[in-house]
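This report describes selected side-chain contacts in one protein structure.

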Amino acid sequence: MDFVLLSWLFALAVTLHNIEEAILLPAWSQTAGRWQHPVGAREFRFAVIVLSAAAYGAAYFAMVGGRESAGAYIVVGAALAMLLNVAFPHLLATLVLRRYAPGTGTALLLNLPVTVLLLREAIVEGYIRLHVFAWAGPLVVIVILASIPVLFAIGKR
C-alpha cells in the first residue's frame, strides 16, 4: 500500500478515534481514578479537534515534502504516538479497570493496523531512514504529549 495514501488513512483513523473519545471520555474520566485526570468535555473536544487537524496537516506535508522530508517524519512520529497510545492507556486501562476505556475499540481496530502499515511503508518506500526516525519519532511523541495540557488550558477559555 502507498505511504501517501496511508498517511491520509492515518489522519482519518485518528479523527474517528478522537470522535469516539470526544463522546465518551469526558464522563469516563470523572471515575477513572489514576488512569485519567478528570477532564471537561469542552477542553477535551477542543484538544482532539486540534490534534485531528494536525494529523491532516502532517499527511499533507508528508505528501508534498516527499521522501525524507520533515512532513514524513512528523506523520510517522505521530503514528508512533498513536501506536503507543493503543497499549497505554487504552488497552492497559481497559484490562486493569475491567471496564471499557473510551477509545480502545478504534485504537485496536483502526489505529493499530493503520499505524503499523504506515510505519512499514515509510521504511519500505524510503520515506524515512531508521537512524533519523530513532530520534525524530520520539521527539514528535514528546511534542504531542507536551501539547495536550496546553490545548486543554486553551480549550477551557
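## Salt bridges

In this predicted model, a search of the whole structure finds 2 salt bridges. One of them joins the side chains of Arg 129 and Glu 68, with an N to O distance of 2.8 Å. Arg 129 belongs to the loop between α4 (104-124) and α5 (130-156), while Glu 68 belongs to the loop between α2 (41-65) and α3 (70-97); the pair therefore ties together parts that are 61 residues apart in sequence. Arg 129 counts as partly exposed, at 44% relative accessibility. Glu 68 is likewise partly exposed, its relative accessible area being 39%.

A salt bridge is also formed between the side chains of Glu 121 and Arg 120, where the N to O distance is 2.2 Å. Glu 121 has a relative accessible area of 6%, and because buried means under 20%, Glu 121 is classed as buried. Arg 120, by contrast, counts as partly exposed, with a relative accessibility of 46%.

The structure holds 4 aromatic pairs. Among them is the pair of Phe 44 and Phe 152, whose ring centres are 6.0 Å apart. The planes of these two rings stand at 45 degrees, so the pair is tilted. Phe 44 lies in helix α2 and Phe 152 in helix α5, which means that the contact ties together parts that are 108 residues apart in sequence.

## An edge-to-face aromatic pair

Another of the aromatic pairs consists of Tyr 60 and Phe 61, with ring centres 5.4 Å apart. The ring planes of Tyr 60 and Phe 61 are at 70 degrees, so this pair is edge-to-face.

Tyr 60 is partly exposed, with a relative accessible area of 40%. Phe 61 has a relative accessible area of 51%, and because exposed means over 50%, Phe 61 is classed as exposed.

Technical notes:
Residues are numbered from 1 along each chain as its sequence is written. This is a predicted model: local features need pLDDT of at least 70, side-chain atom pairs count only at pLDDT 80 or more; totals for chains, interfaces and linings use all residues. Side-chain values use heavy atoms; hydrogens and water are left out. A salt bridge is a side-chain nitrogen of Lys or Arg within 4 Å of a carboxyl oxygen of Asp or Glu. Helices (H or I, at least four residues) and strands (E, at least two) are DSSP runs, numbered from the N terminus. Buried means under 20% relative accessible area, exposed over 50%, partly exposed in between (1.4 Å probe, protein chains only). Rings of Phe, Tyr and Trp (its six-membered ring) pair if their centres lie within 6.5 Å; planes under 30 degrees apart count as stacked, over 60 as edge-to-face and the rest as tilted.
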